[in-house]
Amino acid sequence: MSLPVTRTSMAERSHRLARLVADQLAKRQKPDGTFEQHSFYAPTFAAALWAQLDPALYAPQIEAALCALEAAQQDQRYHREFIEYGLRQIPGLCAERLNAILRNAPTQSPDVANWQVLGMINRHLSLKKGAGKNRKLINWLHWAFIRLRYWRTPLFWDRPTCFSGQYHAFCAALLTDSPEAAHRAIATKATALIAELSGDHGYANLLGRGAGQNFGAVCALYALSEHGFQTQADAVLFRLENAFLTTGTLPLNLFSTADLPDDPGPATPKTPGWYNYNRHDDYLAFAGYWLLKVANGEPKPSPLPTPPNLNAAPIAIFSNAKYQAQMCLCGTHSFDLTPCPVVLSGAENTASLLFAPTGGEEDTPSLYGPASIPLPATSDGKYFAQIRKATRCQNTVRIDFTLAGISGKRTITFDDTQITVTDQIATKCNLLRLLVHHDVDLIQTSKQQLHTPNLGITFKADQDLVIEDANHFTAAGSARRVIAPHTDHVTLRICWGTDDV
């Protein structure tokens with residue numbers, strides 16, 4: 001089966017993609033029911049996908065996957081909440097076998113929104129008619145806790161005070177699929193934010209942990225389609241289809257065409273994104289499951305255009321005809337904050353990355369240490385700036401940072417045809433250090449000016465600029481770094497549609 005050239009409905013396109021994923025998983029499954037590149041839950045979501053798509057055709061694969069789950073080691077990293085959720089999506093799976101698979105594995109319940117929502121949904125799914133008042137009360141209290149700790153209209157935190165477009169979308173998808181009216185009401189508001197983040201370009205998870213992963217894209221697609229945001233959903237689905245056409249699969253990172261190596265991590269520069277422990281087959285099975293849910297959904301009327309109020313939000317979105325820029329303004333780790341905006345140049349299917357997401361993971365080593373964060377550094381490369389605070393006032397973001405004990409500031413102003421970045425600090429150092437995506441054809445036309453002929457963008461500075469061509473890495477793969485070397489002040493204007501180059 002191949003993807004069509006002609007346009008069909010979103011349901012047909014999603015079903016076709018889900019079938020391609022299901023067939024690919026069937027080929028990738030090992031004789032013992034596991035997968036070569038999985039860590040946690042590939043057998044669960046593959047079985048759920050196969051069982052909902054065609055249980056007779058995939059019966060041997062489903063049984064092998066369930067046997068693998070029964071034999072799985074339940075260590076401290078056992079993803080109980082994910083595995084239980086996937087098992088409960090398998091039609092006809094008896095309670096005895098479900099309990100035999102889960103055995104006595106404890107829930108992890110980390111201080112992360114998506115895990116908490118998963119746990120609540122699993123408990124709700126396990127409730128039978130006539131369930132006792134105590135169990136219903138526990139679920140109600142858990143929902144109240146989630147609302148209090150993670151919900152800040154219109155967004156879900158990933159971890160408290162930290163935003164991730166990916167895990168916001170997962171929470172929205174889970175609550176959208178819930179039969180509880182209170183859950184769906186919150187999901188409606190959360191999905192309006194996803195629509196703003198996706199715009200017409202189809203990248204729903206540019207900010208925070210997991211930027212660019214197919215995990216967040218399929219969750220966003222489901223939430224958008226179920227709440228009637230058909231234009232945005234179509235754009236997300238296009239990105240998924242395009243990734244499959246380009247790579248022959250759904251890559252873990254939709255920004256990268258590279259396969260995940262057998263030994264991903266900081267010692268392997270070919271690792272796409274910042275993924276040290278995520279595995280291709282886990283995310284492939286997960287994506288296939290949610291694609292089938294999109295295919296099986298009913299078309300919804302488009303909602304009234306009521307964009308969320310982001311004036312006081314911890315994230316900022318700046319959209320116009322030339323570009324869309326997004327920033328996270330708070331967090332606890334380097335990848336939670338956005339010192340250089342994530343910028344997509346252009347619109348719709350042709351929108352392309354200028355500045356890609358950067359960052360790392362909080363609980364494993366990463367390719368992205370302080371040297372890779374796009375903030376100033378001392379000229380000898382020994383010290384790197386750390387963000388102290390980021391604030392927004394209308395169309396300007398101010399970032400206060402410290403470098404080797406000295407305070408500095410960065411201001412970023414967003415106008416219709418240009419973005420202006422100004423760095424100031426009371427010492428001579430390397431300023432800017434902005435990472436330009438490797439697909440951008442960046443040419444130096446003078447000491448203080450750069451040009452990108454393929455995007456029609458000009459970089460104009462009041463100090464000399466240098467392009468570092470050594471490999472630097474973002475969530476979208478390699479990048480080139482633009483610096484203003486050994487100075488204490490620089491203003492850089494990034495201009496769209498200028499001819500004086």
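**Entry 1: H2 and H4**

I noted that H2 and H4 are roughly parallel to each other, a label given to angles under 35 degrees. The model I examined is predicted, so I kept to its conditions: local features need pLDDT of at least 70, side-chain atom pairs count only at pLDDT 80 or more, and totals for chains, interfaces and linings use all residues. Residues are numbered from 1 along each chain as its sequence is written, and side-chain values use heavy atoms, with hydrogens and water left out.

I looked up the geometry of helix H2 (residues 42-53) and helix H4 (residues 80-87): their axes come within 8 Å and cross at roughly 15 degrees. Axes here are lines fitted to C-alpha atoms, for helices over the stretch in contact, and angles run from 0 to 180 degrees between N-to-C directions. Helices are DSSP runs (H or I, at least four residues), numbered from the N terminus.

I then listed the contact (heavy atoms within 4.5 Å). Thr 44, Phe 45 and Ala 48 of H2 meet Phe 82, Ile 83, Tyr 85, Gly 86 and Leu 87 of H4. Ala, Val, Leu, Ile, Met, Phe, Trp, Tyr, Cys and Pro count as nonpolar, Asp, Glu, Lys and Arg as charged, and the others, Gly among them, as polar.

**Entry 2: H1 and H12**

I found that the axes of helix H1 (residues 10-28) and helix H12 (residues 280-296) come within 8 Å and cross at roughly 150 degrees. That makes H1 roughly antiparallel to H12, the term for angles over 145 degrees. The contact of H1 with H12 has 11 nonpolar, 5 polar and 2 charged residues. Among the residues of H1 that take part are Ala 11, His 15 and Arg 28, and H12 contributes residues including Asp 281, Gly 288 and Val 294.

**Entry 3: H1 itself**

I checked the span of H1: its 19 residues reach 27 Å from first C-alpha to last, close to the 27 Å expected at 1.5 Å a residue. The expected span is 1.5 Å times one less than the number of residues.

**Entry 4: Ser 225**

I located Ser 225 in helix H10 (residues 214-226). Ser 225 is buried, with a relative accessible area of 8%. Leaving aside neighbours within four places in sequence, I recorded contacts of Ser 225 with Met 10, Gln 230, Ala 233, Val 294 and Lys 300.

Conventions: Helices (H or I, at least four residues) and strands (E, at least two) are DSSP runs, numbered from the N terminus. Angles under 35 degrees count as roughly parallel, over 145 as roughly antiparallel, 65 to 115 as roughly perpendicular and the rest as oblique. Buried means under 20% relative accessible area, exposed over 50%, partly exposed in between (1.4 Å probe, protein chains only).
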